[in-house]
Amino acid sequence: MSLNLFYTGQQVLGPTSLLQQTGEAHKRLRRLIAEPLSLDGLKKYFQFINSLAIETLDQRSGREVLVLEEASTIISGSFASLPFKVPGTAFYRGIQARDRMYAMLDSIIDQRRSGKSLKQDFLQSLVNKHSKDAPEGDDDDKLTDKQLKDNILTLLVAGHDTTTAALTWLLKYLQENLTEEHREIQDRKQGTLDLTWSEVNNMPYTAKVISETLRMATILPSFSRKAAQDFEIEGCKIKKGWSLNLDVVSIHRDPKIFRNPEKFDPSRFDEPLKPFSFL
């Protein structure tokens with residue numbers, strides 16, 4: 001199966017985007033991009049993420065958040081538009097937004113490579129690894145600047161709507177389901193807000209709240225894939241090239257799988273779920 005993007009989405013994201021690759025090319029690109037997002041990579045950025053989260057939440061104190069408005073972008077909004085590159089159309093706005101993003105990325109990458117700006121983040125790790133001044137190695141382990149920009153843009157677009165919406169719903173449900181494990185950590189910290197990696201990985205109930213949030217909110221309500229070959233599923237024959245659409249909301253709200261599916265209940269995750277029932 002491969003991701004089925006509209007023509008407009010393909011044009012906006014660029015030809016070397018991970019979302020447009022298939023087969024071995026997709027595996028190679030995913031390997032190179034995913035490295036900084038590994039468990040070891042996340043540990044490296046953990047304190048930065050923790051500090052940024054505290055700062056952001058302090059700024060949002062008392063604010064009303066409209067989920068759909070917070071999770072909207074010009075670029076992703078152009079994905080399903082008609083491919084008319086005419087001023088005023090969604091496609092045109094998407095292309096213009098992409099070009100502004102490319103210009104911004106060019107500037108940031110130049111600053112990172114020149115040493116004028118150094119940060120411990122995902123972009124910096126990719127710039128260091130795939131810089132022209134990096135240690136010589138197999139070209140198969142290097143990203144071109146074009147690939148670098150296309151895939152940074154892809155991650156920004158793919159993660160903006162999904163991550164912002166997920167975090168917004170998570171804040172709502174966490175506030176409504178504060179637990180003893182949070183209070184115990186707060187008591188130990190004696191007013192200090194910084195968390196350690198060990199503490200984050202020792203919150204079993206919080207992990208269930210997160211999973212139930214993702215089930216209830218279903219950040220990606222549906223998605224499509226293109227069949228890479230002929231196959232059959234439960235008597236239905238699927239032909240190569242067909243576009244298949246998966247309704248994730250219906251799966252997450254299926255009463256045969258989740259009892260009282262409209263109720264927020266983290267205890268659903270006390271036991272392993274049926275395979276493919278939670279996506």
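Me: In which loop is the place of Glu234?

Reply: This is a predicted model, in which local features need pLDDT of at least 70, side-chain atom pairs count only at pLDDT 80 or more, and totals for chains, interfaces and linings use all residues. Residues are numbered from 1 along each chain as its sequence is written, and side-chain values use heavy atoms, with hydrogens and water left out. Strands are DSSP runs of E with at least two residues, and helices are runs of H or I with at least four, numbered from the N terminus. Glu234 lies in the loop between β3 (231-233) and β4 (236-238).

Me: Is Glu234 buried or exposed?

Reply: Glu234 is not a glycine, yet has a positive phi of about 50 degrees. Buried means under 20% relative accessible area, exposed over 50%, and partly exposed in between (1.4 Å probe, protein chains only). Glu234 has 84% relative accessibility, so it counts as exposed.

Me: What is the relative accessible area of Phe276?

Reply: Phe276 is found in the segment after α12 (248-252). Phe276 also has a positive phi, of about 70 degrees, although it is not a glycine. Phe276 is exposed, and its relative accessible area is 70%.

Me: How far apart are the end C-alpha atoms of helix α3?

Reply: The expected span of a helix is 1.5 Å times one less than its number of residues. For the 21 residues of α3 (residues 39-59) this should give 30 Å, and the end C-alpha atoms agree with that, being apart by 29 Å.
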